[in-house]
Structure formats: structure tokens, C-alpha cells
Amino acid sequence: MNEFTIQIRYRKKTRRATLRVLPGKIIRVTAPYRAPEREIEDFVLKNKEWILKRYEIIESTPAPKKFRFVDGEIFLFMGYEYTLKVLEGAGAIKLQDNLICLPVSNKILDRAKYIQRKLIKWYQAEAMKYVQIQSEHYSYLLGAKYKSISLKNYKSRWGCCSAQGDLVFNWQIISFKTELINYVVAHEVCHLKEMNHSEKFYAWLKQLGFEKNKYHALMRSAHHIFGR
């Protein structure tokens, strides 16, 4: 592991060490306050295979496209490519055939920034509508109850379920194909039944129609469309 740089962050409220692999061969370890350095080194070495696999995934994942937010650009929405059509005027964004029709008043000075804000806000609204419907559906099938649903722009995860039953999703999943969005939602809903990734957890997931290995491979190829 000599080729990696290890960054250690000590946190008083952290009970056990966790790690993240970052671009540039950086391993970031979050450790309990005053944890011995030798203990942290052993923890990193113990997870050597996982670290190497994770770094391989990071290196093979395409970087987010740099958008200029102008007429004619291509954006992904629910797995399909749509061309941005900037129209003169005011009103809501609408999908029409293979177009994202976005009205912009001629009074707007910085059109690119306005388009970016409006487009992201629309993506977030669409994401919330979709994950609410799917969360309700899968919760009903499992006989589980969630406390709340919210959206975030996570840097390194697509969803989260708290011990209190709060479901949180990365709004950028709305760019995925529906099958993959559904997997993310189902995955987090299953955590309402099991807060770990045990065989029991994957049995719940299978009950909802999702096979573990198939979707793990798909998630490794998923990436943020608007950056992190």
C-alpha cells in the first residue's frame, strides 16, 4: 500500500474506524479519537483488497461532463438522452419528444447560470416525485414504514437510510435508467428491515425482485452527471 497516501481524521464521536478511497490514490480514514496509529495501519491493511478494487472502480468511472448549459446540449434523464431546447419566454420546463424545453426570459443577463439553476431544480423535483412513489411502493410490499424522504447531492453514495427511518437519496439518480433508480430506492427501503448488508438484507431485496450481483455491477458504472 506504499503507493497510496493515507489521510487520518480523528473524531471524538466516532466509535469505529471507516475509510474512503479518493482519486489520486488517497485513502481517507476516519478514526476514533486517540486511536493508536498501529491500529489504523492494521485496519487499512486488513481492507487492502477492498481498497484496490474500489480504486480500480474510481479510475474506470468517467468524469462528469462539463456542461455549458446552452441550447443543443444533451442531458440524461431516466436513462434517455434529451436535447436542451432553450425557448424565449417564461414558464415551467417541459419534456416534449426528445427535448427538454426550458423557457428563459430575454431579461435574464447570465443565461447559463439561470439555465443551470432552473434545470437542476427541475431534476430535483422530478427525483423527489419518483422516489416518493417508489419508496411508498416498496415499503408497502415489505410491510415497512419510513419516517421521511429527502434529497442530497452526496459525493460518494446514492442513498442512505438512518436508524430512525429517514430515507435520503442523491437527486442525481434521476439520470439513471428506471431499473437502476428502482434498485437504489429498494436498497434503502430494505434497510428499514435490516440496517446491515447481511444475507437477510439481500433476501428482502430479492423479495422485491433485485439480485445482489447484477445491480452491484451496474452501480459501479454509475456516475454523477452534474459533478459532486
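Accessible areas come from the Shrake-Rupley method with a 1.4 Å probe. With that in hand, hello everyone, and let's look at this chain together. Please keep in mind that this is a predicted model. The accessible surface of the chain comes to about 14100 Å², and carbon and sulfur atoms account for 50% of that surface.

Let me start with the overall picture. The chain has 228 residues, and 42% of them are buried. Its secondary structure comes to six helices and 10 strands. If you follow the C-alpha trace along its principal axes, the span is about 65 × 45 × 30 Å. Now think about contacts between residues at least 6 apart in sequence: 46% of these join residues at least 24 apart. As for charge, there are 40 positive and 22 negative side chains, and the centres of those two sets lie 6 Å apart.

Next, a helix. Please find α4, which covers residues 178-190. From first C-alpha to last, α4 reaches 18 Å, close to the 18 Å expected for its 13 residues at 1.5 Å a residue. How many of the residues of α4 are buried? The count is 11 of the 13, so α4 is largely enclosed by the rest of the structure. Among the buried ones are Leu180, Ile181, Tyr183 and Val184, and the list also includes His187, Glu188 and Cys190.

Two of those names come back when we move to Gly159. This glycine is found in strand β9, residues 159-161. Gly159 counts as buried because its relative accessibility is 13%, and the cut-off for buried is under 20%. Setting aside residues up to four places away in sequence, Gly159 touches Tyr154, Val168, Phe169 and Glu188.

You'll find His224 in the segment after α6 (212-220). Is His224 buried or exposed? It is buried, with a relative accessible area of 2%. What does the side chain of His224 pair with? One of its polar atoms lies 2.9 Å from the backbone oxygen of Tyr154, and the side chain also makes a polar contact with the side chain of Asn170, at 3.4 Å.

Now for Arg20, in strand β2 (residues 18-22). Arg20 is partly exposed, with a relative accessible area of 32%. Beyond its neighbours within four places in sequence, Arg20 is in contact with Ile26, Ile27, Arg28 and Ser156. Glu49 sits 29 residues from Arg20 along the chain, and their C-alpha atoms are separated by 13 Å.

I'll finish with a pair of residues for you to look up. Phe69 is in the loop between α2 (48-60) and β4 (74-77). Its phi is near 55°, a positive value in a residue other than glycine. Asp97 has a positive phi too, about 55°, although it is not a glycine. That one lies in the loop between β6 (94-96) and β7 (99-104).

Methods: Residues numbered from 1 in each chain as written. Predicted model: local features only at pLDDT ≥ 70, side-chain atom pairs only at ≥ 80, totals over all residues. Heavy atoms only, no water. Helix = DSSP H or I, 4+ residues; strand = E, 2+ residues; numbered from the N terminus. Buried < 20%, exposed > 50% of the residue type's maximum accessible area, 1.4 Å probe, protein only. Polar contact = N/O pair within 3.5 Å; in protein donor to acceptor, adjacent residues only side chain to side chain. Contact = heavy atoms within 4.5 Å. Lys, Arg positive; Asp, Glu negative; His and termini not counted. Charge placed at Lys NZ, Arg CZ, Asp CG, Glu CD. Expected span 1.5 Å × (residues − 1).
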